[in-house]
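Dear colleague,

Please find the structure below, together with its sequence. I would be grateful if you could read the notes that follow alongside it.

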Amino acid sequence: MDCFYEGENMLVINPSECIDCGVCEPECPAEAILPDTESDLEKWLELNTKFSAEWPNITEKKDPPADADEHKGEEGKFEKFFTAEPGEGD
């Protein structure tokens, strides 16, 4: 899919480009992709919209960060680690 955009330490999905097929949800190692039909996701929709317009596109799957499993399910990780810096893209 061409709807993924890479930041320094996370990916976002352009909601206008996503075709809502759901294929990415079970493939996400962080279990961070949720359908936009769930409640209380407005913050994430805004974040995805904003940064998908700023960050480079990524069309090929890369390996997750080496410490990804250490942060799985961690409370407050967005507030602790988020950076608006773009990633490399492909």
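Predicted model: local features only at pLDDT ≥ 70, side-chain atom pairs only at ≥ 80, totals over all residues.

The protein chain contains four helices and three strands, arranged along the sequence in the order β-β-α-α-β-α-α. Its radius of gyration is 13 Å, close to the 12 Å that the globule rule gives for 90 residues, so the chain is as compact as a globular protein of that length. Along the principal axes, the C-alpha atoms occupy a box of roughly 30 × 30 × 25 Å. Of the contacts between residues at least 6 apart in sequence, 74% link residues at least 24 apart.

Turning to the interior, 21% of the 90 residues are buried. The largest nonpolar core has six residues, namely Cys-3, Phe-4, Ile-13, Cys-28, Ile-33 and Ile-58. A second, separate core comprises five residues, among them Tyr-5, Val-12, Phe-51 and Trp-55. Phe-4, a member of the largest core, is in contact with Leu-11, Val-12, Ile-13, Cys-24, Ile-33, Pro-56, Asn-57 and Ile-58, its neighbours within four places in sequence being left aside. In soluble globular proteins, nonpolar side chains tend to be buried together.

As regards the surface, the accessible area of the protein chain is about 6600 Å², and carbon and sulfur atoms account for 51% of that area.

With kind regards

Technical notes
Residues numbered from 1 in each chain as written. Heavy atoms only, no water. Core = buried A, V, L, I, M, F, W, Y, C linked by side-chain atoms within 4.5 Å. Buried < 20%, exposed > 50% of the residue type's maximum accessible area, 1.4 Å probe, protein only. Contact = heavy atoms within 4.5 Å. Helix = DSSP H or I, 4+ residues; strand = E, 2+ residues; numbered from the N terminus. Rg over C-alpha atoms; globule rule 2.2 N^0.38 Å. Areas by Shrake-Rupley, 256 points an atom, 1.4 Å probe, with all protein chains shown as cover.
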